[in-house]
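Trainee: Can we go through this chain together? I'd like the overall layout, then the helices, then the pocket.

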Amino acid sequence: MDERDFELIAVLEKTKNITRASEILFTSQSALSKRISAIEQELGVPLIVRSRYGVHFTPEGEEVRKKTEEAADILRRMREVLDGQRDAICGTIHIGVSVNYALYRFPETLSLYRKKYPQVNTHII
């Protein structure tokens, strides 16, 4: 599991719906289902139960959800502490870009930004 999986589980808890979760995470429903299956195989336990009324976490899945929430919070606080100790501009910037702009204009802008702020991580959707 990684941080993206933490986010996936948190969004799934919030929406209780795979289709809505896939929209929020900007991925396909099938890709999200495959990732959930991969996490379940990795951990060796079923995490969710699908029904007409949405998804519900199994008891094991509820425990995983709580632990991933704690781990995500610890990572966030650790990054804040480390970022606060630096004098440079750093952290993560989340950017949503349209397809046409991303293909033709954004690469040049992103390249200039990364040269100016090398310690800033970018998350582009």
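Trainee: What should I know about the numbering and the model?

Mentor: This is a predicted model, in which local features need pLDDT of at least 70 and side-chain atom pairs count only at pLDDT 80 or more, while totals for chains, interfaces and linings use all residues. Residues are numbered from 1 along each chain as its sequence is written, and side-chain values use heavy atoms, with hydrogens and water left out.

Trainee: OK. How many helices and strands are there in the protein chain?

Mentor: The protein chain has 6 helices and 4 strands. Helices (H or I, at least four residues) and strands (E, at least two) are DSSP runs, numbered from the N terminus. Their order from the N terminus is α-α-α-β-β-α-β-α-α-β. The radius of gyration of the protein chain, 18 Å, is well over the 14 Å that the globule rule gives for 125 residues, so the chain is more spread out than a compact globule. That radius is taken over C-alpha atoms, and the globule rule is 2.2 Å times the number of residues to the power 0.38.

Trainee: And what box do the C-alpha atoms fill?

Mentor: Roughly 50 × 40 × 20 Å, taken along the principal axes. Of the 125 residues, 24% count as buried, where buried means under 20% relative accessible area, exposed over 50%, and partly exposed in between (1.4 Å probe, protein chains only). Among contacts with a separation of 6 or more, 49% are between residues 24 or more positions apart. Contact means heavy atoms within 4.5 Å.

Trainee: Let's move to α1. Which of its residues are buried?

Mentor: Asp5, Phe6, Leu8, Ile9, Val11, Leu12 and Thr15. Their cover includes α2, α3, β1 (48-51), β2 and α4. The expected span is 1.5 Å times one less than the number of residues.

Trainee: Take Ile9. What does it touch?

Mentor: Leaving out residues up to four places away in sequence, Ile9 touches Met1, Phe57, Val64, Arg65 and Thr68. Ile9 counts as buried because its relative accessibility is 3%. Val64, Arg65 and Thr68 are also among the buried residues of α4.

Trainee: What happens just after α1?

Mentor: Lys16 takes a positive phi of about 60 degrees there. Most residues other than glycine have a negative phi. Lys16 sits in the loop between α1 and α2 (18-24), and counts as partly exposed because its relative accessibility is 30%. Phe26 also has a positive phi, near 55 degrees. Its place is in the loop between α2 and α3, and at 59% relative accessibility Phe26 counts as exposed.

Trainee: Now α4. How far apart are its end C-alpha atoms?

Mentor: They are 38 Å apart, which agrees with the 38 Å that its 26 residues should span at 1.5 Å a residue. What covers the buried residues of α4 includes α1, α3 and β2 (54-57). Ala71, in α4, is partly exposed, with a relative accessible area of 25%. Between the C-alpha atoms of Ala71 and Glu3 there are 8.8 Å in space, with 68 residues of separation in sequence.

Trainee: Last topic, the largest pocket. What is its volume?

Mentor: About 1,100 Å³. On a 1 Å grid over the protein atoms alone, a cavity is a set of points where a 1.4 Å probe fits but cannot get out, and a pocket is an open set with protein on both sides within 12 Å along at least five of seven lines; lining residues have an atom within 4 Å of a point. Grid points are joined across faces, edges and corners, and a volume is the space filled by probe spheres set on the points.

Trainee: Which residues lie nearest its centre?

Mentor: Glu3, Arg4, Glu7, His94 and His123, out of 32 lining residues. The largest share of the lining, 8 residues, comes from α4. By class, the lining has 13 nonpolar, 8 polar and 11 charged residues. Here Ala, Val, Leu, Ile, Met, Phe, Trp, Tyr, Cys and Pro count as nonpolar, Asp, Glu, Lys and Arg as charged, and the others, Gly among them, as polar.
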